[in-house]
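Please keep the sequence and the structure in view while reading.

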Amino acid sequence: MIVLIFVLQTIRIAIPYLLAAAGGVMSERVGVIALGLEGLMLSGAFGAALGSYYGNSPWMGLLGALVAGAVVTVVLAIATLRFKANQVVVGVAINLLVVATTRFFLRLVFDSASNSPRVPGFGGEGISNVLLASFVNPVVWLGLAALPVLGWVLYHTPFGLRVRAVGEKPEAAASLGVAVTSLRFKGLLIAGALASLGGAYLSLDQHQFTDSMTAGRGFIALAAVIFGRWEPVRVAVACVLFAAAETLQIQLQGAQLIPSQFVEMIPYLLTIIALAGVVGRSVAPAALGKTD
Amino acid sequence: MSAAGNTGHSGKRTEPVAEGREHLPRQVSSTAETRALVQATPRVRTDIWEAVLPPLVALCIAAVVGDLLILSFGEAPASVFSLLVKGTWGNAYGIGQVLYKTTTLTCTGLAFALAARAGLFNVGAEGQLAAGGFGAALAGLLLPSGMPALLAIPVCVLVAMFAGAIVGAVPGALRARFGASEVIVTIMLNFIVLALLNWFVSAKLHVPETLHTPAIAAGMVPRLADVFTMFRGSAANFTIVLALLAAVASWWYLFHTRSGYELRAVGLQPDAAEYGGVRVPRVLWVTMALSGALAGLGGVNFVLGYKGYYEDGFAGGAGFLGIAVALVGRNHPFGILGAALLFATLSQGGLAVNAIVPKQLTDILTAVVILAVATAVPEVQKQLRAAAASVSASFHAARRGAPGGTA
């Protein structure tokens, strides 16, 4: 029983990581550094709360998340693809922009500095077990499917072949007739949609949007992308590992074995170790950050 | 940025490195030789418009976005902006608050710029700033309370800079040794350092019911109000002098010392620098350590100049804002002073207008300025170069007497 609770809890926590990390893989595979994941997630969380509140349905929430995510993605794409701005700078700016903008609109729309009112989420009220109830949520299934599907797309479809070509050798891809910039834009839109759904999961699951509610999850997702060496299945494993560590912490909270702050550090420490080549050399897509 | 943005006419840029090939390596020892070398460095021709135009374009874009947001809140832009000016430069308290915020932003801006000049992205100023503040507090707590300020302040400041330097040196060393992306490592270190400090303050060293350390015993930096009474009540303190000194020192280091020359050489052409005898890995980690030390100095402003203790979360985004400051200041220490004043004004101005529009308005404007500068700089440079090329082409055409010349 305790194992089952652990597994269910881990999956629940892993969902936003899985979705955002899928977006991160997509973005970096087309050559754009995914530093803006945190902002994309937060915009999705806010869009979901907005859509769900006004549309009075979680499905409208998902639509709201996709719209909000698309708006942010377009800004990101214009800056990085059209104007060739430095991707690290743009990523940091996007994160600042979304934090400030969601706070601004939180006050403009809901007249609150900290959170939105309660919004409809995906049911499950009839099920007594809280953990099982969360599996009524279609976003959970979307999250579980995202990385395996992305892996299949990347390695078994013409689109995936083009994506990998554009991320590794854009000149070669261009010479074979691939419209590089347009493909990158499509990739970014997919990435934005996935990451914003990851954010939507958070606000719909908690039935409200709270200020800066993504709390570094975008960066954990980015950590998972690097730790999983840009391979969807490895990335999924990394996400689940990070989520399991978090679950362990929640389960052990009463026991006070290790301070929570140290558990928080695990994904970040593992990423640094991975980057230092201890668990095998991780090689980023060759064109990452060089979209000019 | 400066490196990436200027690859268009790299001919001029690569010259110093190519020239220094025979002379630059470790053999250079006497100061006279060093000076001669530094002076022999051909100056990169900086078009005044390339330096000034992009920030101006960015500010115009930000002003338009700001107007739209204010209108969306149902307020008149003119009255909001006049309130913003009144609450910042309109009275001595406002000026004092702006100067206080300028101090921290100057430090984190310099931190980003120094690394950027070496081709490194230090996105870790937030953690380095917090580590610096914690170091200052720790030193201040451990020193005996009777210690004279002239002795205690330098000790605390040095400990703060040392703490920042360690946090900066780690990603630098990992980049130098393993090629690990300093962008990712500094971001990850931000989380690690902040969590570690949070644990220290919440579990080991705090005043009960709070998230701050006990008051420090020695090393407090005097307030500006102690000398200039008009600043009474504001947080402005003499750390600003340290920040100004840091800007001058960074400028001197970058443009008038051999290590600064090597730093810039690595930023412009790492391979050529390596070939010219520069020990690139050493430059990478030393630069990151210096960058971290500058960010750490920013922590002094809050801990020793304002609160008198370390408080969890005091950095509050000032580390990330340093990126904006450095961008608008074009990675030049004196440009950074101006940019820090601008962003400090926006930040303080947000508080001044908070009663009628959310203070996040100015945070949005800050992000818009970063995005606009990041996009405008390469674009404006491209346009200027295209214009220059077409002028020179038509000039040559006119000289040849060919039809179509406009001269």
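## A helix that bends

The bend at a residue is the angle between two axes, one fitted to the seven residues that end there and the other to the seven that start there. In this predicted model, helix H8 of chain B bends by about 25° at B:Ala169, and a proline, B:Pro171, follows within four residues.

Helix H8 of chain B runs over residues 149–178, and its 30 residues reach 43 Å from the first C-alpha to the last, which is close to the 44 Å expected at 1.5 Å a residue. After the helix comes B:Gly179, a residue whose phi is positive, near 70°.

## Where chain B touches chain A

How many residues does the contact take from chain B and from chain A? Chain B gives 44 residues and chain A gives 39 residues. The side of chain B that touches chain A divides into 32 nonpolar, eight polar and four charged residues.

Of the area that chain B buries against chain A, 16% is supplied by B:Met188, B:Phe191 and B:Leu371, more than by any other three residues. Between chain B and chain A there are three residue pairs in polar contact, both residues being at pLDDT 80 or more, while the count of salt bridges between these chains is zero.

## Charged pairs

Side chains of opposite charge can pair when their charged atoms come close. Over all chains, the count comes to four salt bridges.

One salt bridge joins A:Arg12 and A:Asp205, whose closest N and O atoms are 3.6 Å apart. Because A:Arg12 lies in helix H1 (residues 2–29) of chain A and A:Asp205 in helix H9 (residues 180–205) of chain A, the pair ties together parts that are 193 residues apart in sequence.

Technical notes. Residues are numbered from 1 along each chain as its sequence is written. Chains are lettered from A and ligands numbered from 1 in the order in which they are written. Side-chain values use heavy atoms; hydrogens and water are left out. Helices (H or I, at least four residues) and strands (E, at least two) are DSSP runs, numbered from the N terminus. The expected span of a helix is 1.5 Å times one less than its number of residues. Contact means heavy atoms within 4.5 Å. Buried area is the accessible area (1.4 Å probe) that two parts lose on being put together, summed over both. A salt bridge is a side-chain nitrogen of Lys or Arg within 4 Å of a carboxyl oxygen of Asp or Glu. A polar contact is a pair of N or O atoms within 3.5 Å; within protein, one must be able to donate a hydrogen and the other to accept it, and residues adjacent in sequence count only if both atoms are side-chain atoms. Ala, Val, Leu, Ile, Met, Phe, Trp, Tyr, Cys and Pro count as nonpolar, Asp, Glu, Lys and Arg as charged, and the others, Gly among them, as polar.
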